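Hello,

Here is the structure for you to look over. My notes on its cavities and its sheet follow below.

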Amino acid sequence: MQQYDYARAYKGRTDAVTGKPTTGELARPIQTLVWYPAQKGGTAIRYADYLRTEATDENFVRTDAETAAFLADKLQWAAAQVGQKQAQQLFDQRMWAVRNAPAAAGKFPVVIYAAGGGGTAHEAADLCEYLASQGYVVLASRSLGTRTKDMNFDAEGLDTQARDIQFLLSYAHTLPQADMAHVAAAGWSWGGLANALAATQDARISAIVSFDGTKAWEDTKPVSRVRLTLPWLYVQRRSESVRELSAKGMETTGILLNEAKYADLYHVVMNPMEHSDFSTIGLRFAGAEHFTEYSRAEVEAAYHWTCRYTLEFLNANLKGDATGRQFLSRTPTQNGVPAHMARLYHLPARSGPAPTQAGFAAALAREGYDKALEIYRRLQQQEPTFALSEGALNTWGYQLMREARDLPAARAIFALGTELYPNDANLFDSLGEADENSKDIQAAITHYRRSLELNPANLNARQRLQALGG
């Protein structure tokens, strides 16, 4: 599918690369590949068909001749990597997908795949085909930068790719096969981090899979640790020693994997794999010199088990499949993974509410609003950075009073606000209003008076006191 996200500009009036006036559409182009469960039949595509889609993944108006020239250049590049004969064999490789195949009946969970920084939509074609064959609708688009084809590796670029994930999620709503009640995001490298950011912003994403997602503290800063509260499968390349990390100058504190305490984390280490091996483009066209400690066969076997862990994790969390949960509960060796190939660590989510307003509200609904201060302090003990501002508490109280029409709960939130911020005139004024609506006139007078003491210019408190005879 070739479509634009008209809510976002991609190009400016002046081309950011050439400096010349921009021609054509300015909106963000999102060429989307969709894999889906299909009826049997049809002719399978070749790997070259996937490579051909790169020609138009930013520019939708390329001619057939331009696309053919692009593919010829791609073949020349591949030949330089692995030799002409092997390159041609890879281009001719028969895949499992059938173009425009008739869809299988039924609805299926959705997986949005986010490519590595600057990567192509078909980067993980083998995984995407595999998931579709097992009952998933999978969507992917190229990883484009905010304003150019090359990704800008900063907070803006990360947010850009997270918004691409949300765009694909929105598009998935138009697909009759898509079960939008069960959605996951997956991705490699930069995309594996972007899906974590997207999950903190969009509650429709109920599980994420990261293939060697970026771990550097500076890159992960935009991802809220306390809002990452969903099942998470993280598959990484072989572990690096302290010496190797030091040589790279990598800061080992502030690692997202260690700080995402509210995610149900399954952390798999695939010993034969390097970072590029999680992209089957990289794996296909890797030269013989790439395989040193492990053979190509061992690395490809590790990729196979990466796909299998992904499937079982998604089955367990999107389909509620008991077999998937059993798979995750066993050691890799018990599941048939060759000895010493993989390690699995399960870090269950921290029990209790997450230290967010939503988590706090859930605890209040469960334990009672009369325990607001006690629960608030408890959340602060487990997460010292947890805090709700005066304005947030005031807004929340009015939402409870005017929209939810829950006066006792609203009064409890205003009262909590005056406990936490005893010099805030506005919160005492709001508490007085809640008292007045509850027909507790004496309490209303007391709190309006306190508001007026803190802010003698508070006209509302003065007027209400006069009306109440206070």
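Predicted model: local features only at pLDDT ≥ 70, side-chain atom pairs only at ≥ 80, totals over all residues.

Residues are numbered from 1 along each chain as its sequence is written, and side-chain values use heavy atoms, without hydrogens and water.

Cavities

A cavity is a set of points on a 1 Å grid over the protein atoms alone where a 1.4 Å probe fits but cannot get out; lining residues have an atom within 4 Å of a point. Volume is the space filled by probe spheres set on the points, which are joined across faces, edges and corners.

The whole structure has two cavities of 30 Å³ or more. Helix H5 (155-172) gives the largest share, four residues. Helices (H or I, at least four residues) and strands (E, at least two) are DSSP runs, numbered from the N terminus. Arg-142 and Asp-164 are among the lining residues.

The second largest cavity holds about 30 Å³. Trp-232 and Lys-215 are among its lining residues.

Sheet

Nine strands form an open, mixed sheet, in the order E1-E2-E6-E5-E7-E8-E9-E10-E11. Strands pair if DSSP finds at least two bridges between them. E1 (2-9) and E11 (342-347) are the edge strands. Seven bridges join E5 (108-114) to E7 (178-188), in parallel.

Note on methods. 1 Å grid on protein atoms, 1.4 Å probe; cavity = no way out; pocket = protein on both sides within 12 Å on 5 of 7 lines; lining within 4 Å.
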